[in-house]
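Morning, everyone. Please have the model open as I talk. I'll take the interface, then the aromatic rings.

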Protein chains: 2
Amino acid sequence: MKYYAPLLEQLIEHFERFPGIGRKTAQRMAFFVLNQPEDKVKSFADCLVSAKSEIHRCSECCNLTDGEKCSICGDPSRDRSLICVVEEPKDVVALEAVGEYRGLYHVLHGSISPLEGVGPDDLTVKELLARVGEGTEVIMATNPDVEGDATALYLSRLLRPLGAKVTRIAYGIPVGGELEFADGETIARAIEGRREI
Amino acid sequence: MKYYAPLLEQLIEHFERFPGIGRKTAQRMAFFVLNQPEDKVKSFADCLVSAKSEIHRCSECCNLTDGEKCSICGDPSRDRSLICVVEEPKDVVALEAVGEYRGLYHVLHGSISPLEGVGPDDLTVKELLARVGEGTEVIMATNPDVEGDATALYLSRLLRPLGAKVTRIAYGIPVGGELEFADGETIARAIEGRREI
């Protein structure tokens, strides 16, 4: 069903390549581009190219940044003895939005998943080991799924010999949630992680 | 909740401006861009700019094209005495996909909608009138909603004095559909459009 002008068809196909974007949405996006003023389209195109060329990993925590270090690693008020390990940059955003945590981060850019062919060498494990020393507390905040748990376990085995204290964030019933609606796995984790009151 | 590097935040915001794209999807799209090879991103950016600058309306039917005329208007095998009037370029694609129709098109780029401030001057009405002469059949294929009906009626009043035959595509129960599930308006249209068998 390709009856658009070749250049328009090309533009639609570019949008279709994005994850979760189907043909209809891609068409809508392409028409939106054509209805925008020329300078807006130009600035979008420039932003794409410069984001791709200038955004790279922070030399310390591997989060995405356009400077040499990210703003968190560059912040002298942060507690440098605490490193929170997350899978993706968006996890840093989720944690920062709360504003509770005052330590540093380490972004793995994925989790160990033999099924998807992702091993430790595909993640920023080496960079993490280089940052950790005697007395560092490393908080594992990988996702509570098979891959995230395996990654946390794998890393803790590498980190403990370096003298680091390795902890895992607590998983359980969400605050405001009801026991009745929690899934079995969550309830099991909540019981496993129980504390004396 | 803006804790991404400024350039990344900017990229996300560009994607958020598209219709139907929320924050989460915009983030996913931005990360997808960063994970693409540099030449792919460059070619996407180039496609955006060249589509915007080179795609314009066909001088005859006002459909979007990157040539002087669109491929349909430039096709000598098409019946030039038939003009099918549609609201949007995607309607041409829908009709062409069927492969039944052998006439030309005219794309209005919208429909008359006083509520949204769209009047005849915002559409390609003048261009349509210039194409129509004695003996032309103009098929109104605007959408079967208030705006589409009003537009078809408005145009038919302008076209008839020019000697054109004006028709409206049939609306009724879709083929393969069941009467039981059709809405009242569709059933009313189906009865109104009944034919002797």
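**Where the two chains meet**

The contact draws on 50 residues of chain B and 50 residues of chain A. Keep in mind that this is a predicted model. How much area do chain B and chain A bury between them? About 4,700 Å², with 80% of it on carbon and sulfur atoms.

Now the polar side. Residue pairs in polar contact between the two chains, both at pLDDT 80 or more, number 6.

Look at the side of chain B that touches chain A. At least two residues each come from α1, α2, α3 (38-54), β2 (64-65) and α4 (89-98) of chain B. The largest share, 14 residues, comes from α3(B). By type, that side of chain B divides into 30 nonpolar, 11 polar and 9 charged residues.

Next, α1(B). Its buried residues include B:Leu7, B:Leu8, B:Ile12 and B:Phe15. What covers the buried residues there? The cover includes α3 (38-54) and β2 (64-65) of chain A, together with α2 of chain B.

On to the rings. Over all chains, the search finds 15 aromatic pairs. Take B:Tyr4 and B:Phe31. Their ring centres are 5.8 Å apart and their planes at 70 degrees, so this pair is edge-to-face. B:Tyr4 lies in the segment before α1 (6-16) of chain B and B:Phe31 in helix α2 (residues 23-35) of chain B, so the pair ties together parts 27 residues apart in sequence. B:Tyr4 and B:Phe31 are both buried.

Last, one aromatic cluster: A:Phe15, A:Phe18, A:Phe32 and A:Phe44, with B:Phe15, B:Phe18, B:Phe32 and B:Phe44.

Terms used
Residues are numbered from 1 along each chain as its sequence is written. Chains are lettered from A and ligands numbered from 1 in the order in which they are written. This is a predicted model: local features need pLDDT of at least 70, side-chain atom pairs count only at pLDDT 80 or more; totals for chains, interfaces and linings use all residues. Side-chain values use heavy atoms; hydrogens and water are left out. Rings of Phe, Tyr and Trp (its six-membered ring) pair if their centres lie within 6.5 Å; planes under 30 degrees apart count as stacked, over 60 as edge-to-face and the rest as tilted. Helices (H or I, at least four residues) and strands (E, at least two) are DSSP runs, numbered from the N terminus. Buried means under 20% relative accessible area, exposed over 50%, partly exposed in between (1.4 Å probe, protein chains only). Contact means heavy atoms within 4.5 Å. Buried area is the accessible area (1.4 Å probe) that two parts lose on being put together, summed over both. A polar contact is a pair of N or O atoms within 3.5 Å; within protein, one must be able to donate a hydrogen and the other to accept it, and residues adjacent in sequence count only if both atoms are side-chain atoms. Ala, Val, Leu, Ile, Met, Phe, Trp, Tyr, Cys and Pro count as nonpolar, Asp, Glu, Lys and Arg as charged, and the others, Gly among them, as polar.
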